[in-house]
Amino acid sequence: MQMHFVKMEGCGNDYIYVDQEKEQIVNPQTLARKISDRHFGVGADGMILICPSDMADCRMEMYNADGSRGKMCGNGVRCVAKYLYDYKKIRKEEIAVETDSGIHTVRILEDSGKATVAMGTPVIEEEPHVISMEGQKTEMMIVSMGNPHAVIFMEPEEGSWKTWNMKKAEAVSTHSDFPDGINVELVQVYSETGMKIRVWERGSKETLSCGSGACAAAAAAIRSGRTKQKVNIEMPGGMMEVEWDSDGQMYLTGGCRFVCEGEYPGSVG
Ligand SMILES: N[C@@H](CCC[C@H](N)C(=O)O)C(=O)O
């Protein structure tokens, strides 16, 4: 049995998309692990199932590369809407996608190849969270964007983002303070409207970008007075833009692109 898949990427955050109208997946966790493998599978940061929905244009089910579930994926939701727009010819101004953290509307910006998603209102913990690791204290802001994030602001003396120690991000991601794991953003704010971020995602290791991570980092930077409400975010996979609007919503804009499609053997996982 072969399974049809589409691979898409949002600023280098790549997922395998499987349309549930065409394919029956019995064990999505196992399939996500196998198909995401960069040596023995197709290779991706995870897998997203596109399913029918009673409340929206579709529902998405998101799996990380290790098979665990993610409740929200800012890059994935934009790619799902692009898929519906391009493949299912849903030519609506706004496409509604049901996720495990509610319904999110996506606007396709045809001319630029980008899409904007309304990510909801961030929930920011009042007090910074501090973890002691190897005799060193690390301070972070905890932000929920429907999924959990720990935002760590880097000091200039910690060097260029290319040489940041991602082992620290991994250690926070798997720390016992976060029994369900946490996504970790290392952030350098370089102006009132710009920042650089590297992300360690729970379930997928370091990724080239993370939409919910970009929003979490922007929310933490705005709340702590480091930036204005609209921020350009540079990640290893490309540029994204986040705006925290006066209506409380965060809007995330970035590229989303078809990579390839194909048939995967052993569809049921
Ligand atoms: N890359 C995503 C987030 C994916 C889920 C995350 N790893 C989790 O488990 O919460 C994004 O673009 O938001």
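View 1. Helices here are DSSP runs of H or I with at least four residues, strands are runs of E with at least two, and both are numbered from the N terminus. With 32 C-beta neighbours inside 10 Å, Cys-73 counts as buried. That label needs 20 or more other C-beta atoms within 10 Å of the residue's own, while 12 or fewer makes a residue exposed and anything in between is partly exposed; C-beta atoms are placed from the backbone. Setting aside residues up to four places away in sequence, Cys-73 touches Ile-48, Met-62, Gly-211 and Ser-212. A contact is a pair of residues whose C-beta atoms, placed from the backbone, lie within 7 Å.

A word on the model before moving on. Residues are numbered from 1 along each chain as its sequence is written. The model is predicted, so local features need pLDDT of at least 70 and side-chain atom pairs count only at pLDDT 80 or more, whereas totals for chains, interfaces and linings use all residues.

View 2. UniProt positions follow the numbering used here, feature names are shortened, and annotations may be inferred rather than shown by experiment. Look for Cys-210 in the loop between strand S15 (205–207) and H4. Cys-210 counts as buried, with 34 C-beta neighbours inside 10 Å. Not counting residues up to four places away in sequence, Cys-210 touches Asn-13, Asn-75, Asn-183, Val-199 and Glu-201.

**View 3. Glu-201 and Ser-212 are two of the UniProt "binding site" positions.** The unreviewed entry puts this feature at Asn-13, Asn-64, Gly-74, Asn-75, Asn-147, Asn-183, Glu-201, Arg-202, Gly-211 and Ser-212. Glu-201 is in strand S14 (residues 194–201), and this residue is buried, with 28 other C-beta atoms within 10 Å. Beyond residues up to four places away in sequence, Glu-201 touches Asn-64, Asn-183, Thr-207 and Cys-210. Ser-212 belongs to helix H4 (residues 211–223) and is buried too, with 33 other C-beta atoms within 10 Å. Leaving out its neighbours within four places in sequence, Ser-212 is in contact with Met-72, Cys-73, Gly-74, Met-119, Met-145, Gly-146, Asn-147 and His-149.

**View 4. The ligand lies between the two domains.** Both domain 1 (2–117 + 256–265) and domain 2 (123–248) give residues to the shell around the ligand, so it lies between them. The shell has 18 residues, and the closest are Gly-70, Asn-75, Asn-147, Gly-211 and Ser-212. Helix H2 (74–87) and H4 each supply at least two shell residues, and H2 gives the most, with three. By class, the shell has three nonpolar, 13 polar and two charged residues. Ala, Val, Leu, Ile, Met, Phe, Trp, Tyr, Cys and Pro count as nonpolar, Asp, Glu, Lys and Arg as charged, and the others, Gly among them, as polar.

**View 5. Domain 1 meets domain 2.** The domain bounds come from an automatic or database assignment. The centres of domain 1 and domain 2, taken over C-alpha atoms, are 24 Å apart. The contact takes 19 residues from domain 1 and 20 residues from domain 2. On the side of domain 1 that touches domain 2, H2 brings the largest share, three residues. That side of domain 1 has four nonpolar, 11 polar and four charged residues.

View 6. The buried residues of H1 (residues 28–36) are Pro-28, Leu-31, Ala-32, Arg-33, Ile-35 and Ser-36. Their packing partners are strand S2 (13–19), strand S3 (46–51), strand S4 (58–64) and strand S19 (257–265). For context, the protein chain comes to four helices and 19 strands, and 46% of its 269 residues count as buried.

Key: Two residues are in contact if their C-beta atoms, placed from the backbone, lie within 7 Å. A residue is near a molecule or strand if its C-beta atom, placed from the backbone, lies within 6 Å of it.
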